[in-house]
Amino acid sequence: MDRKLKIELVPDSCWYSNLRSLLSKAQWDFIKKDAKERAQGKCAICGKKTDKLEAHEQWAYDESKGIQKLANVISVCKDCHSVIHMGRTSLVGNLQKAEDHYMKVNNCSYAEMKADIGKANEEHVRRNKVSEWKLDLSWLKRFIKD
């Protein structure tokens, strides 16, 4: 079943590697502003209205070629962001709240949520077998005017 809110465990070799660290503050702020404007004051996942949207980078992984491709930058609420990065959330001690939010947004049971976490962990283990990921940032071309 395809879930509205997904757990996105980043391969270990990609931790702390993100757009924010690759771009200047002005460039990152421009991309964040674009994502917030597209979201129109609502979380792109759960639809919650909030003034405190966070920018989230969505990545696609081609394991056979070792390519980590930027797919989108969206605005999400803090609760959805904590689910997306559930690995980090569990380290900082807010796992129960994230699990509850996951079940609520996806309208699923505890058992279904645990099965989904298991699948996310399997995916994470598999992706960690790629020793080095090449970045594809072609999504950013949308901001370049000819």
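I began with a definition: helices (H or I, at least four residues) and strands (E, at least two) are DSSP runs, numbered from the N terminus.

**Entry 1: ground rules**

I noted that this is a predicted model, in which local features need pLDDT of at least 70, side-chain atom pairs count only at pLDDT 80 or more, and totals for chains, interfaces and linings use all residues. Residues are numbered from 1 along each chain as its sequence is written, and side-chain values use heavy atoms, with hydrogens and water left out.

**Entry 2: the whole chain**

I looked up the elements. The chain has six helices and three strands. Along the sequence they follow the pattern α-α-β-β-α-α-α-α-β. Next I checked the radius of gyration, which is taken over C-alpha atoms. For this chain it is 16 Å, close to the 15 Å that the globule rule gives for 146 residues, so the chain is as compact as a globular protein of that length. The globule rule is 2.2 Å times the number of residues to the power 0.38. Along the principal axes, the C-alpha atoms fill a box of roughly 50 × 40 × 30 Å.

I then looked up burial. Buried means under 20% relative accessible area, exposed means over 50%, and partly exposed lies in between (1.4 Å probe, protein chains only). Of the 146 residues, 39% count as buried.

Contacts came next (heavy atoms within 4.5 Å). I took those with a separation of 6 or more; residues 24 or more positions apart account for 67% of them.

**Entry 3: the sheet**

Two strands pair if DSSP finds at least two bridges between them.

Strand 1 and strand 2 (residues 67-76) are antiparallel, over nine bridges. I picked out His56, whose bridge partner in strand 2 is Ile74.

**Entry 4: salt bridges**

I searched for salt bridges (a side-chain nitrogen of Lys or Arg within 4 Å of a carboxyl oxygen of Asp or Glu). The whole structure holds twelve.

I started in helix 2. Asp29 and Lys32 meet there at 3.7 Å, N to O. They are three residues apart, so about one helical turn separates them. Asp29 is partly exposed at 28% relative accessibility, and Lys32 is partly exposed at 27%.

Which helices does the Lys114 and Glu99 pair link? Lys114 is in helix 6 (residues 110-127) and Glu99 is in helix 5 (residues 95-106), 15 residues apart. Their salt bridge is 3.0 Å, N to O. Lys114 is partly exposed at 34% relative accessibility, whereas Glu99 is buried at 5%.

I ended in helix 6. Arg127 and Glu123 form a salt bridge of 3.4 Å, N to O. They are four residues apart, so about one helical turn separates them. Is Arg127 buried or exposed? Arg127 counts as buried, because its relative accessibility is 12%. Glu123 is partly exposed at 27%. I also found a network: salt bridges link Glu63, Glu123, Arg126 and Arg127.
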